[in-house]
Amino acid sequence: MSGRVLVGVKRVIDYAVKIRVKPDNSSVVTDGVKHSMNPFCEIAVEEAVKLKEKKLIKEVVAVSCGPQQAQETIRTALAMGADRGIHVEVTGKDYETLGPLQVSKIMAALAKKEDAQLVILGKQAIDDDCNQTGQMTAALLDWPQGTFASEVSFDGDKIKVVREIDGGLETIKIKTPAVVTADLRLNTPRYATLPNIMKAKKKKIANVKPADLGVDLTSRLEVVRVDEPPQRQAGVKVETVDDLVGKLKEAGTV
Amino acid sequence: MALRVNLLVNSSSFYKFTSFVPIRSFSERVSSKPEPSSGPETTADHLIYTREHFALKESLRKIIDQEINPHVDQWEAEGTFPAHKIFKILGSAGFLGVNKPVDSHTLQLVCFRSVSTVLMEYGGLGLDFSYNVAVSEELGNIRCGGVPMAIGVQTDMATPALARFGSAELKKEFLVPSIMGDKVACLGVSEVGAGSDVSSIITKAVQKGDEFVINGGKMWTTNGTQADWMCLLANTSDGPPHRNKSLICLPMNLPGVHIARKIDKIGMKSSDTAEVFFDDVRVPCKNLIGQEGMGFTYQMLQFQEERLWAVANILTTMDTVIQETIQYTRQRKIFKQPVLYHQAVYFRLAELQTEVELLRSLLYRATALYIKGNDVTKLASMAKLKGGRLARELSDSCLQYWGGMGFTSDVLVSRFYRDSRLMSIGGGADEVMLGIIAKYMDTVPRK
């Protein structure tokens, strides 16, 4: 086994920013807005670096798809302890329509090319909340998947994954190579220390184009319109339970 | 404002996701007019910062948001903050040794029959002063002045002389743990009878055998009630006042060291400030930093850095106060329209923002010259002078626009009003700065 882990990191609008919809309702405003690494991707990077520190894997490779600025996100991963990065250059219209299907094709191609033992992704991105890339990547590779992971450990040649599911926790064992997606409680991402930030300067980021990987970026989806959520209306107070039932029937909800 | 929410898992465990759960406030219809921004921060265009500076700021900001800001109100109320805890977090992330030495000249150890060379790791990063400025700027995001000030004492006031002139042994005992955040340092220079006039301090360290016997006291000691050691300036001989003082590393737990009181101040409340007395305190002579008699000179050497550091810190806070004042006055209505819509208000804010940017330019200019090896005493003194005065003007004007709310303890502007008043006094009073500038202008009357 190569001992190599691929970690996908996505550049998203920072979680604390107030999102604004463009006047033409085509998308949200991204110009001049603060961006950061998707919080679940941070957790994924942390897990990969932890595995390397435990000497269970040998190399952590951070991957990001997007325009030039995606390199900043890769550098953050390098500052957290990833060994090298791969920047898959996607710009313009291709970037606007880039979604889980395209990214998973890219991740699958890279996983094969880099002979990865494990692919760790965040469970979902906080901008589109798709929760699909991990699952699609595993399917394309025909690899087992451990999604919504709250605990990952190595058990011989298998990986034990404790998954967060609706009813509680589920423990599965999957063979490697595999895809794992990180959930909230998997770990607490470390602060990038200043020594590691300076070391990250020397780490390499390779530049790759989707065409080089034989990936077709055509989207099957078209965004028709983007709207803000409706303004929350004031509630109505009623005197009795009968009034309440009456009003609910009127509104057609009962 | 992001909200802090505790997530419950299986009703028994308790988890904080970076202290803030990603909850966004409702979005607004964006206007077609350009968004007001505080200035371009692209790495390619910045005067002195590189990508690494910005990465540093981002990481430090996370620590501030998660470990410091949630507790500031409580620490202000209590009149102290847990220095050991906070310094350990910062030290582990490498933020306390930014421009400190990485390692020493090698030591040789004779081990059995082989000789091995050991590099003394000091744990510093050996970066230039522009990185200290970046750290200081980012610490300005802490919602009080006390905590950044305490950190600044640790990194840029109590330790620079030790880093530059201390013996290897002394560095190992005091500098390394201070960089790692394991030991809290304080600076013992000012006294009850000597602030601006440092040369008139009366604390004495008399040599008796291989020990110094110290008598006297120190005032305005930031971190004084929690410090493990003090960088002490004392008279060690009977020479002329600028040549008879030395810097000594003084452990604070030695018999004879009395922390007389924690001083109750009108601002910087989260920083514990102590009055300390020394009653026949004995410390080994090897605790002397560098050369005897050079203490005054050593302290003076770092004044430029101290002053630029203070300016970097207060600039960020001034930006924040202006922004919060804009937000407040935009939603606060008087006579049926927002306070902000009155020309007197937005004109004044524009004026203040202009002055902030001017001071920022001076800071970057002085920093750029300094890291190239130039003496920036004049510019650093000018920047500190302006920093103190602008902070007073700005906090006063902005507080006015907050009206009654500005007079309460619930808002940042009133805390800034109290905290920032110190800048014209501490670290070199305005009058001292003016004297230095006049000296460089050659306008001081000759004797």
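Tutor: About 70 Å³ of space lies in the largest cavity. A cavity here is a set of points on a 1 Å grid over the protein atoms alone where a 1.4 Å probe fits but cannot get out. Its volume is the space filled by probe spheres set on the points, with grid points joined across faces, edges and corners. The model is predicted, and local features need pLDDT of at least 70, side-chain atom pairs count only at pLDDT 80 or more, while totals for chains, interfaces and linings use all residues. Residues are numbered from 1 along each chain as its sequence is written, chains are lettered from A and ligands numbered from 1 in the order in which they are written, and side-chain values use heavy atoms, with hydrogens and water left out.

The structure holds one cavity of 30 Å³ or more. Lining residues, those with an atom within 4 Å of a point, are Phe95(B), Leu96(B), Val98(B), Asn99(B), Lys100(B), Asn132(B), Val135(B), Ile151(B), Thr155(B), Asp156(B) and Trp309(B). Two elements give two or more residues each to this lining: helix H4 (129-139) and helix H5 (146-156) of chain B. Helices are DSSP runs (H or I, at least four residues), strands are runs of E (at least two), and both are numbered from the N terminus. The largest share of the lining, three residues, comes from H5(B).

Elsewhere in chain B, UniProt places "domain: Acyl-CoA oxidase/dehydrogenase middle" (unreviewed entry) at residues 186-281; such annotations may be inferred rather than shown by experiment, feature names are shortened, and positions follow the numbering used here. That span is 0% helix and 51% strand, and its end C-alpha atoms lie 17 Å apart.

Note on methods
On a 1 Å grid over the protein atoms alone, a cavity is a set of points where a 1.4 Å probe fits but cannot get out, and a pocket is an open set with protein on both sides within 12 Å along at least five of seven lines; lining residues have an atom within 4 Å of a point.
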